[in-house]
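I opened a new page for this chain.

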Amino acid sequence: MKLTIISGSQRPNSFSQRVACYLQKLSSEYGFTKIEILDLSSVELPLHDGFTTDISAESHPWQPIAQHLRESEAFIFVTPEWHGMSTPALKNLLLHCSIAELGHKPALLVSVSHGINGVYPLCELRMTGFKNNHVCFLPDHLIFRQGESLILKDLICNNEEFESRVNYTLKLLKSYAKALKQVREDVGEESRNYLYGM
C-alpha cells in the first residue's frame with residue numbers, strides 16, 4: 001500500500017519538509033509498503049489556469065505527478081501556515097487533481113506553525129480542497145505548533161504525548177486506506193459520471 005506525503009512549502013529545506021520526513025519515518029511502522037515524499041519546492045508545476053492549457057498532454061509537467069498520485073492509496077498533506085492560509089503550491093496541486101488521482105482516498109491534513117496557531121490552513125483545505133477531486137480528509141488532523149522546538153533536525157519529537165497522538169493518527173490513516181479501497185471498488189467507473197461536487 002503506497003502512501004504519498006506532500007510537503008506543501010515552496011521553500012527548499014523547509015520545516016514542512018522536516019515534518020514530512022518525520023512522518024515518513026513513523027509511517028513505516030503501520031504497514032505502508034512504499035512511502036514517498038513529494039516536495040513541492042522542487043516541483044515545477046505551472047499555475048492552474050482554468051484548463052485553457054491541456055494538462056492531459058503527455059509532455060505537460062502534471063503527467064508524471066498525476067501518475068504518482070494515481071498509484072497512491074493514502075496521502076498526507078503538510079502545509080505551513082502563511083498569513084493564515086495554506087500555500088499557493090499546495091492549492092495549485094489540488095486544482096490540478098481530479099477524481100482519477102485522489103478520488104475516495106484518505107488524506108491526513110497536517111499544518112506547521114512556528115507559533116501557537118496552525119488551524120486556519122486546515123479550515124481552508126477542509127472547506128475547498130476536496131470538491132472536484134473527491135479526496136476524503138480524515139476527521140482528525142495534526143498541528144505541529146512551535147515546530148522547530150518540537151521536531152529536531154534528527155527527526156526526534158520533543159513531546160512524548162504529541163508523538164503518541166501522531167502514531168494514533170497514522171494508524172487511523174492506514175485503517176481508512178484499507179476501508180476506502182472497498183468504497184472505490186463498489187462505486188467503480190460509475191463515479192466518473194459525477195466528477196464535480198455540488
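**Glu-81**

I began with Glu-81, which is buried, with a relative accessible area of 18%. Buried means under 20% relative accessible area, exposed means over 50%, and partly exposed lies in between, using a 1.4 Å probe and protein chains only. I found Glu-81 in the loop between strand 3 and helix 3. Helices (H or I, at least four residues) and strands (E, at least two) are DSSP runs, numbered from the N terminus.

Before going on, I noted that this is a predicted model, where local features need pLDDT of at least 70, side-chain atom pairs count only at pLDDT 80 or more, and totals for chains, interfaces and linings use all residues. Residues are numbered from 1 along each chain as its sequence is written, and side-chain values use heavy atoms, with hydrogens and water left out.

What is Glu-81 in contact with, leaving aside its neighbours within four places in sequence? I listed Val-112, Ser-113, Asn-117, Gly-118, Val-119, Tyr-120 and Pro-121. Contact means heavy atoms within 4.5 Å. I also checked Glu-81 against Gly-115: they are 34 residues apart in sequence and 9.8 Å apart in space, C-alpha to C-alpha.

**Met-85**

Met-85 lies in the loop between strand 3 and helix 3. I noted it as partly exposed, with a relative accessible area of 44%. Not counting residues up to four places away in sequence, Met-85 touches Pro-80, Pro-121 and Glu-124.

**Helix 3 and helix 5**

Next I looked up helix 3 (residues 88-96) and helix 5 (residues 120-128). Their axes come within 12 Å and cross at roughly 15°. Axes are lines fitted to C-alpha atoms, for helices over the stretch in contact, and angles run from 0 to 180 degrees between N-to-C directions. Helix 3 and helix 5 are therefore roughly parallel to each other. The cut-offs: angles under 35 degrees count as roughly parallel, over 145 as roughly antiparallel, 65 to 115 as roughly perpendicular, and the rest as oblique.

Which residues make the contact? I wrote down Leu-90, Lys-91 and Leu-94 from helix 3, and Glu-124, Leu-125 and Thr-128 from helix 5. By class, that contact has 3 nonpolar, 1 polar and 2 charged residues. Ala, Val, Leu, Ile, Met, Phe, Trp, Tyr, Cys and Pro count as nonpolar, Asp, Glu, Lys and Arg as charged, and the others, Gly among them, as polar.

I then checked burial in helix 3. Its buried residues are Ala-89, Leu-90, Asn-92, Leu-93, Leu-94 and His-96. They pack against strand 1 (2-7), helix 2 (62-70), strand 3 (74-80), helix 4 (99-102) and helix 5.

I tested the length of helix 1 (residues 15-27): at 1.5 Å a residue, its 13 residues should span 18 Å, and its end C-alpha atoms are 18 Å apart, which agrees. The expected span is 1.5 Å times one less than the number of residues.

At what angle do helix 1 and helix 7 pack? I read about 65°, with the axes 10 Å apart; helix 7 covers residues 160-187. Tyr-22, Leu-23, Leu-26 and Ser-27 in helix 1 meet Glu-163, Val-166, Asn-167 and Leu-170 in helix 7. By class, this contact has 5 nonpolar, 2 polar and 1 charged residues. The buried residues of helix 1 include Tyr-22, Leu-23, Leu-26 and Ser-27.

Most residues other than glycine have a negative phi. I looked up two with a positive value. Phi of His-104 is near 55°, and phi of His-134 is near 60°. I placed His-104 in the loop between helix 4 and strand 4 (106-112). His-134 is in the loop between helix 5 and strand 5 (136-144). Buried or exposed? His-104 counts as buried at 18% relative accessibility, and His-134 is buried with a relative accessible area of 18%.

**Pro-139**

My last entry is Pro-139, which lies in strand 5. At 52% relative accessibility, Pro-139 counts as exposed. Not counting residues up to four places away in sequence, Pro-139 touches Arg-126 and Tyr-176. The C-alpha atoms of Pro-139 and Arg-126 are separated by 9.7 Å, and these residues are 13 apart along the chain.
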